[in-house]
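Thanks for asking me to look this over with you.

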Amino acid sequence: MFFADGFEEIEALTTVDILRRAGMSVQLVSVTGHQTVTGAHQVPVVTDVLFDACDFSDADLLVLPGGMPGAATLGEHAGLLELLLDYAKKDKPLAAICAAPMVLGKLGLLKGKKAICYPGFEPYLEGAEIVCQQVVVDGQIVTGRGPGATIEFALTLVEILEGKEKKEELIQAMCIIP
């Protein structure tokens with residue numbers, strides 16, 4: 001999970017929480033050059049590692065939270081953009097929620113794919129078919145609409161990486177009413 005100042009706290013932290021509840025190892029990676037990043041609602045978070053010090057060779061998934069200007073900053077980080085393109089070429093999963101799908105759109109990774117984003121960011125999803133759902137999965141790319149879609153977004157990632165049974169376990173343990 002990649003962090004820049006102005007990230008959306010609900011999207012980032014809820015997703016990290018749910019993935020960790022599923023037993024997954026999640027690294028919080030700062031693209032700012034500082035380990036502490038501050039969210040859009042002024043919540044400071046200490047990340048695990050700086051981008052330049054991280055080894056992504058064994059990562060199964062790359063996740064971009066939304067929030068502004070956090071998502072825009074992610075879209076300007078050359079190393080992250082190169083990494084996203086590399087993962088897409090290898091057909092590895094990519095996930096982005098809220099404003100962050102614009103990063104994938106600007107890279108051309110959504111052309112011919114179904115996707116969703118926060119209302120108003122649709123023009124940045126270049127070549128995508130906008131589908132009005134909370135979460136959209138098309139091939140290896142998962143997109144989410146916004147803060148209200150975060151639990152469904154995170155559970156979708158759990159299902160993709162750990163299976164439907166693990167997702168159902170979490171739904172029960174977290175008292176989510178289907």
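1. Let's begin with the cysteines. Cys 54 is buried, with a relative accessible area of 14%, and Cys 98 counts as buried at 7%, while Cys 175 is exposed at 66%. Here buried means under 20% relative accessible area, exposed over 50%, and partly exposed in between (1.4 Å probe, protein chains only).

2. A word on the source: this is a predicted model, in which local features need pLDDT of at least 70 and side-chain atom pairs count only at pLDDT 80 or more, while totals for chains, interfaces and linings use all residues. Residues are numbered from 1 along each chain as its sequence is written, and side-chain values use heavy atoms, leaving out hydrogens and water.

3. How many disulfides are there? The count is 0, taking a disulfide as a pair of cysteine sulfur atoms within 2.5 Å. In general, a disulfide is a covalent bond between the sulfur atoms of two cysteines.

4. Now find the open sheet of 4 strands, in the order β6-β7-β11-β10, with mixed pairing. Its edge strands are β6 (62-64) and β10 (135-138), each pairing on one side only. Two strands pair if DSSP finds at least two bridges between them; helices (H or I, at least four residues) and strands (E, at least two) are DSSP runs, numbered from the N terminus. β10 and β11 (residues 141-144) run antiparallel and are joined by 4 bridges; Val 136, for instance, has Thr 143 of β11 as its bridge partner.

5. Which helix packs on this sheet? Helix α5 (residues 150-162) does, touching β6, β7 (94-97), β10 and β11. Contact means heavy atoms within 4.5 Å.

6. Finally, some backbone details. Most residues other than glycine have a negative phi, and most peptide bonds are trans. Cys 98, in the loop between β7 and α4 (101-106), has a positive phi near 70°. Just after α6, Cys 175 takes a positive phi of about 60°. The peptide bond from Met 68 to Pro 69 is cis, with omega near 10°, and Pro 69 lies in the loop between β6 and α2 (70-74).

Definitions and conventions
Axes are lines fitted to C-alpha atoms, for helices over the stretch in contact, and angles run from 0 to 180 degrees between N-to-C directions.
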